[in-house]
Amino acid sequence: MYDVPHGRNEVAVTDVKITARNVQVYYGDTHAIKDVNVEIESNTVTAFIGPSGCGKSTFLRCINRMNDTIDICRVEGDIRIDGDDIYDKRVDPVQLRAKVGMVFQKPNPFPKSIYDNVAYGPKIHGMARNKAELDDIVERALRRGAIWDEVKDRLQSPGTGLSGGQQQRLCIARAVATEPEVLLMDEPCSALDPIATAQVEELIDELRQNYAVVIVTHSMQQAARVSQKTAFFHLGNLVEYDDTTKIFTNPEDSRTESYITGRIG
Amino acid sequence: MVLFAFLLLFGATMLAYFVNRRAALSMRAGGARLHSLESFHGLFAALSVLVPVFVGILFWLVLEGAVVDLFMLRGLPAGTFDGLDSGASQLIVAEIKSIAGGRVFGTPEAWKIEAAERLVRYHRIADWLLVALVAITAAILLWVARRSVVEQFRARQGAERIVLGLMIFCATVAIFVTIGIVFALTFETIKFFQIVPITEFLFGTSWEPQIPIREDQVAAEGAFGAIPVFLGTIVISAVALFVAVPVGLMTAIYLNEFAPQRVRKSVKPVLEILAGVPTVVYGFFAVLTVAPAIRQFAASIGVDVAPNTALAAGGVMGIMLIPFISSFADDALSAVPRSLRDGALALGATRGEMMLNVLFPAAIPGIVGGVLLAVSRAIGETMIVVMAAGLIAKMTINPLDSVTAVTVQIVTLLIGDTAFDNPKTLSAFALGMMLFLATLIINIFALRIVRKYREIYD
Ligand SMILES: Nc1ncnc2c1ncn2[C@@H]1O[C@H](COP(=O)(O)OP(=O)(O)OP(=O)(O)O)[C@@H](O)[C@H]1O
Ligand SMILES: [Mg+2]
């Protein structure tokens, strides 16, 4: 149904990185995520697709406990990374978030220089022992964010002065600078032009070598291009979760089929 | 009578509105395609009657007194004012006026009573004239406005232009009033500097404005060196800010980020109440509670301090400024988009790191604005200082000493027996001028800082 350009979709033999069991999320009385079970593998790109409001972002935010910052939000169930329960009392969400990076739908660079934006994470986690090392980390991150060439001459100018697409790539660079093990991306390409999108997709594929990547997207083509696994959410339920090729060629559930062929949404 | 003139004008305005609206409506009913809606025709007519006549009435009222006085004076017996200085002739005019107002003291001369009667008569004539003029001009304007209702008349643009003019007028009123105040200040200040050299005022270190106001009075010659007075203001403001800025900012940060919803909900209103307490109450607090406490504490460690101290006044003023700074800072922090907070948290920042590195820098413009406004208030605050700081200007920066402030001196200089031609009174204007300039400079500074950060962070 969708062409598969780079042969990225082949599923390698991998370990399970994240396990979610019977996850329920409530916003006050709203039941936003209903009994979701899923196993996300390392060295894999997992795409979350589904109509607007079905709970993709909510579930994504459970994985790095960003939902803790929302007062009315309540998470139940069991989410484990490498077998450790991340909602355990002893887990420090701050350390968890250093391990699980996140890129938001809307670019949100800090009102600081480009350099400081990227250096912020490494600095607070003490990743660099001196300026030279920090410079190195920043450059590497910016290169991986596919934005180095555009900003290398103005690292000290404000990050907010970049274009929307550049800002988003800066945010991706900022997230990878802390060397997370899992990278969560909530519609990272919604502000990007096709060229930048291609660059980010390239980057995502590259990140897969080291990390587990979870990407929320509204573009079927993008899900088909970059992911090996796809999860389809509908009204808070995880309807179907399988290899991307399978979901896009031979879905089991009729709702999945209707969605990817554009009949519900 | 004047009230009647205003009622007349009001009636004419309403009439203009409804007449023109009706006219426009009936033209539309007759099949004409009007450029503007009927209510705009009405509005235009109403405004074009109201505004000119209203302005005319105001001018009339301003000028009436002077003109009537002039007529009255011309009717006085020749040579009444011969050989009298301006004070004495003003006294006569004032007496005539008070007779006209029905307040008769003793038995005035016949010519004064006669003049008062004429004054009353002239006023009555003037009032009738006013009403007549209002009626005539309103009628003419009504007629002109009624004739303007034709198909192509752009009543909407016309009405909008008049409203725009009114808005510009209102916007400039404040500016003109300020300019007027500055002029008055400058004028008196210049007079002061003609008596006391400006160098003495700016660089003198002794402030003793007590000068004899009657020739036979025994008093010193007076010294007008403003430095100790300004030093007092600076010391008190510094103490106040030393208290208010850290406490205010900490309060804001705590309430904004760390406080549970419940605490936030109860503390914020309390702070707002604190902001509404009259400064005189703070003054009480400073004099009756804080100052004795400081004295007692100092005595217990063997230091002798004055009963009135800059510390007491400044400290209490600082308490007064806390809600000011905290609410500004809280607003500024709340205005930082949620996405920035999320971004920092998602990178693994603690809430403290996020606050310090991301929220706070982004909120700096608002915070600086609040702090500088607090500075302006501290400099201009009078009541607390009058009550708690003292009256004698001392050349000291010791907060445990009694000092005085610019505002306090202005108050004491202008209270009581004053004449507007001696340096004691005039020096108040010079102090006021300096105060005005100081706050002006601070505000310009504040705006520049705010703008600079805006450029970086937008
Ligand atoms: N902060 C919140 N407070 C209350 N309800 C929320 C909040 N965030 C999300 N919800 C609700 O939870 C449900 C899922 O929202 P979520 O943002 O996860 O959807 P989504 O799948 O990411 O949608 P989209 O594709 O539009 O981003 C929605 O019904 C939404 O109204
Ligand atoms: Mg979403």
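How much area is buried between chain B and chain A, and what percentage of that area do carbon and sulfur atoms give? In this predicted model, the area buried between the two chains is about 1,800 Å². Carbon and sulfur atoms give 61% of that area.

**The contact between the chains**

Chain A puts 26 residues into the contact, and chain B puts in 21 residues. On the side of chain B that touches chain A, the elements giving two or more residues are helix 11 (338-346), helix 12 (351-380) and helix 15 (423-457) of chain B. Helix 11 of chain B supplies the largest share of this side, with eight residues. Sorted by class, the side of chain B that touches chain A holds eleven nonpolar, six polar and four charged residues.

Six residue pairs are in polar contact between chain B and chain A, counting pairs with both residues at pLDDT 80 or more. The count of salt bridges between these two chains is one. That salt bridge joins the side chains of A:Arg61 and B:Asp342, with an N to O distance of 4.0 Å.

**Salt bridges**

Side chains of opposite charge can pair when their charged atoms come close. Over all chains, the count comes to 36 salt bridges. One of them links A:Lys17 and A:Glu181, whose closest N and O atoms are 2.8 Å apart. A:Lys17 sits in strand 1 (residues 16-27) of chain A, while A:Glu181 sits in the loop between helix 6 (164-177) and strand 7 (182-186) of chain A, so this pair ties together parts that are 164 residues apart in sequence.

**The surroundings of ligand 1**

Which residues are the closest to ligand 1? Of the 13 residues that surround ligand 1, the closest are A:Ser52, A:Lys56, A:Ser57, A:Thr58 and A:His218. Helix 1 (residues 56-63) of chain A gives the largest share of this shell, three residues. By class, the shell around ligand 1 divides into five nonpolar, six polar and two charged residues.

| Residue | Distance from a polar side-chain atom to an oxygen atom of ligand 1 |
|---|---|
| A:Ser52 | 2.4 Å |
| A:Glu187 | 3.4 Å |

Taken alone, ligand 1 exposes 630 Å², and the protein buries 64% of that area.

Methods. Residues numbered from 1 in each chain as written. Chains lettered and ligands numbered in written order. Predicted model: local features only at pLDDT ≥ 70, side-chain atom pairs only at ≥ 80, totals over all residues. Heavy atoms only, no water. Contact = heavy atoms within 4.5 Å. Buried area = accessible area lost by both parts, 1.4 Å probe. Polar contact = N/O pair within 3.5 Å; in protein donor to acceptor, adjacent residues only side chain to side chain. Helix = DSSP H or I, 4+ residues; strand = E, 2+ residues; numbered from the N terminus. Nonpolar A, V, L, I, M, F, W, Y, C, P; charged D, E, K, R; others polar. Near = heavy atom within 4 Å. Areas by Shrake-Rupley, 256 points an atom, 1.4 Å probe, with all protein chains shown as cover.
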